[in-house]
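This briefing goes from the whole chain to single residues.

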Amino acid sequence: MDGIDGRVRNAVDVWLRWLPRWQIGTARPRTRICRKCTGSPIASAAGFGPDVPHPVQHALIGRISTIIEDSVDDYTAKNLPLLQRELERAAARKRHEGYQPAEGLSPEFQGLDVDPQPQEGAPFLFTLEGLAGTGASQAAPREPLSDEAKAALRHEIDLSDECARSTGTAVCLALIDHRPRITEAVERLVEPQIEALVSDMFRGLDGEGSRGGLF
């Protein structure tokens with residue numbers, strides 16, 4: 001777990017530098033539940049309440065999740081040769097799948113829809129999702145595993161999962177120390193935008209009611 005505190009601190013620092021650039025009016029509504037954020041213990045450790053907009057949470061949760069993923073990758077490369085070989089084979093097969101629009105995105109965009117929702121009567125000429133698979137090629141067939149190799153691989157997967165759990169716990173404990181900074185930034189930069197949006201909505205409703213009362 002060496003360096004977890006420093007990596008969490010750095011992730012929070014990066015998020016705090018990003019947050020002033022976020023504007024509620026530019027956030028796209030989600031059409032699917034975010035599997036990375038929904039029920040995430042990272043959100044609880046950060047102190048995010050239910051009223052914090054998803055993009056704000058996602059940007060930090062994505063960066064913190066990357067710390068866990070990188071730690072598991074490092075542990076796997078050093079200690080789990082069978083699993084590492086399977087991951088390398090999977091990566092090689094993925095390279096044959098052609099263009100993948102969701103690959104290589106910054107943490108704040110990972111897991112989000114790559115295309116906005118089309119407007120009725122104004123379809124897109126093309127979408128990034130529609131371009132997925134462009135340039136695909138035939139991959140070499142996968143070598144079958146023996147029963148012994150499958151059992152050994154399952155054991156290594158269990159060890160990898162345990163590494164992810166222990167690292168996740170350490171990361172969340174480290175993140176709790178930064179909760180005051182996170183809360184202050186949300187109160188200062190996010191909540192005023194939410195309040196302004198709600199106020200505009202109510203003003204619009206009051207205006208419609210007033211016009212309706214004239215006729």
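The points below are grouped by topic, starting with the overall make-up.

The model is predicted. The protein has 6 helices and 0 strands, and its pattern along the sequence reads α-α-α-α-α-α. Of its 215 residues, 29% count as buried.

**Overall make-up**

- The accessible surface of the protein comes to about 14,000 Å², and carbon and sulfur atoms make up 56% of that surface.
- Among contacts in the protein with a separation of 6 or more, 83% are between residues 24 or more positions apart.

**Salt bridges**

- The count of salt bridges comes to 6; the pairs described here include Glu 69 with Lys 36, Asp 74 with Lys 78 and Glu 86 with Arg 89.
- In the pair of Glu 69 and Lys 36, the closest N and O atoms are 3.9 Å apart.
- This pair links distant parts of the chain, 33 residues apart: Glu 69 belongs to helix 3, and Lys 36 to the loop between helix 1 (4–18) and helix 2.
- Glu 69 counts as partly exposed because its relative accessibility is 37%, and Lys 36 counts as partly exposed at 25%.
- Asp 74 and Lys 78 form a salt bridge with an N to O distance of 3.2 Å.
- Both Asp 74 and Lys 78 lie in helix 3, where they are 4 residues apart, or about one turn of the helix.
- With a relative accessibility of 40%, Asp 74 counts as partly exposed, whereas Lys 78, at 61%, counts as exposed.
- Glu 86 and Arg 89 bring their closest N and O atoms to 3.1 Å in a salt bridge.
- Helix 4 (residues 81–95) holds both Glu 86 and Arg 89, which are 3 residues apart, about one turn of the helix.
- Is Glu 86 buried or exposed? Glu 86 is buried, because its relative accessible area is 9% and the cut-off for buried is under 20%.

**Negative surface patch**

- Which residues form the negative surface patch? The patch consists of Asp 51, Glu 187, Glu 191 and Glu 195.
- Asp 51 is located in the loop between helix 2 (41–46) and helix 3 (54–79).
- Asp 51 counts as exposed because its relative accessible area is 67%, and exposed means over 50%.

- Gln 57 is a helix 3 residue, and its relative accessible area of 12% is why Gln 57 counts as buried.
- Which residues is Gln 57 in contact with, leaving aside its neighbours within four places in sequence? They are Ala 43, Phe 48, Gly 49 and Val 52.

**Helix 3 in review**

- Residues placed in helix 3 include Gln 57, Glu 69, and the pair of Asp 74 and Lys 78.

Technical notes
Residues numbered from 1 in each chain as written. Predicted model: local features only at pLDDT ≥ 70, side-chain atom pairs only at ≥ 80, totals over all residues. Heavy atoms only, no water. Patch = residues over 30% accessible without salt bridge, like charges linked within 9 Å, V, L, I, M, F, W, Y side chains within 5 Å. Areas by Shrake-Rupley, 256 points an atom, 1.4 Å probe, with all protein chains shown as cover. Salt bridge = Lys/Arg side-chain N within 4 Å of Asp/Glu carboxyl O. Lys, Arg positive; Asp, Glu negative; His and termini not counted. Charge placed at Lys NZ, Arg CZ, Asp CG, Glu CD. Helix = DSSP H or I, 4+ residues; strand = E, 2+ residues; numbered from the N terminus. Buried < 20%, exposed > 50% of the residue type's maximum accessible area, 1.4 Å probe, protein only. Contact = heavy atoms within 4.5 Å.
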